[in-house]
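I want to look up what surrounds the ligand, then check a few loop residues.

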Amino acid sequence: MEVVIKSSAEEMSKLSAELIADVVRHKPRAILGLATGSTPLGTYKELIRLHKEEGLDFSRVSTFNLDEYVGLTHDHPQSYHYFMWENLFKHININPKNVHIPDGTSKDVPGFCRWYEEQIVKAGGLDVQLLGIGSNGHIAFNEPGSSLGSRTRVKTLDEGTRKDNARFFKTMEEVPKYAITMGIGTIMDSRQLILLATGAGKADAIAKTCEGPITALVPATIVQLHPKATIVVDKPASTKLTREYPAEPSVLVLS
Ligand code: PGA
């Protein structure tokens, strides 16, 4: 596990975009696992820039998103479908047929979740999965207590997560209570993980993720077991780390 502390959120985003671009350059048919939330926005801006200014080609890339709220239609401004098209897909040359986002309007959620898992396998598995982290240590919507071997399924959101996300909705009642999410086992099957965090509100979760014991009570701690995980944070998110984190050679090449 590599832990990289960057001077700013912008620098964090540049490195994470470069790590993803590196995968795409080496494998034009790369399978990318993507995330939503405020944290990956800078990464998507940089990927758009790399596409527009440096010709980074997404035409053969496929994507699988981590999660989606149950009950929100694809055109709902707070749905993750809407988020992904607005913030990334409509700005790059991705083939819409290669985009996969869990369907929160599915009438058969367990059947959909099985299908989603099958599609990832059929595509050849995820080459890299981008992750944010909740202030409670969740990854995707795998809330504390989630099975560390879980697969794609529906989860009830913690009240804390609903409060964190309430800023995007008019009232607390509008914040969905359930989400379809890749499981922790699904995420861990990805060949590479990039976990991002910014701001002091994530410092506690990041310290536990990097230095705490592996526990389902802080789902992100599972990344300690991944053979190729890079955690990239800004200074405020790093303040509760106690060890030194010298840059690893693989990241030095790209930074
Ligand atoms: P955020 O969400 O990027 O909006 O902080 C991260 C998460 O909850 O996984």
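I started with R167: an N or O atom in the side chain of R167 is 3.3 Å from an oxygen atom of the ligand. For K202, I found a side-chain N or O atom 2.6 Å from a ligand oxygen. For T39, the side-chain N or O atom is 2.4 Å from an oxygen atom of the ligand. The protein covers 82% of the 280 Å² of accessible area that the ligand has on its own (Shrake-Rupley method, 1.4 Å probe; for residues, only the protein chains shown count as cover).

**Ground rules.** I noted that this is a predicted model, where local features need pLDDT of at least 70 and side-chain atom pairs count only at pLDDT 80 or more, while totals for chains, interfaces and linings use all residues. Residues are numbered from 1 along each chain as its sequence is written, and side-chain values use heavy atoms, with hydrogens and water left out.

**The shell.** Which residues are around the ligand? I listed G37, S38, T39, G132, I133, G134, H138, R167 and K202, where a residue is near if one of its heavy atoms lies within 4 Å. By class, I get one nonpolar, six polar and two charged residues. Gly counts as polar here, Ile as nonpolar, and Lys and Arg as charged.

**A140.** I looked in the loop between β6 (128-131) and β7 (153-156) and found A140. Strands are DSSP runs of E with at least two residues, helices are runs of H or I with at least four, and both are numbered from the N terminus. A140 isn't a glycine, yet has a positive phi of about 50 degrees. Is A140 buried or exposed? A140 counts as buried because its relative accessibility is 11%; the cut-offs are under 20% for buried, over 50% for exposed and partly exposed in between (1.4 Å probe, protein chains only).

**T221.** This one is in the loop between α7 (203-211) and β10 (229-234). T221 has a relative accessible area of 1%, so I wrote down buried. The T221 side chain reaches the backbone oxygen of V218 at 2.7 Å.

**P96.** I found P96 in the loop between α3 (80-87) and β5 (99-100). P96 counts as exposed because its relative accessibility is 52%. From P96 to P227 I get 31 Å in space, C-alpha to C-alpha, and 131 residues in sequence.

How values were computed
Polar contact = N/O pair within 3.5 Å; in protein donor to acceptor, adjacent residues only side chain to side chain.
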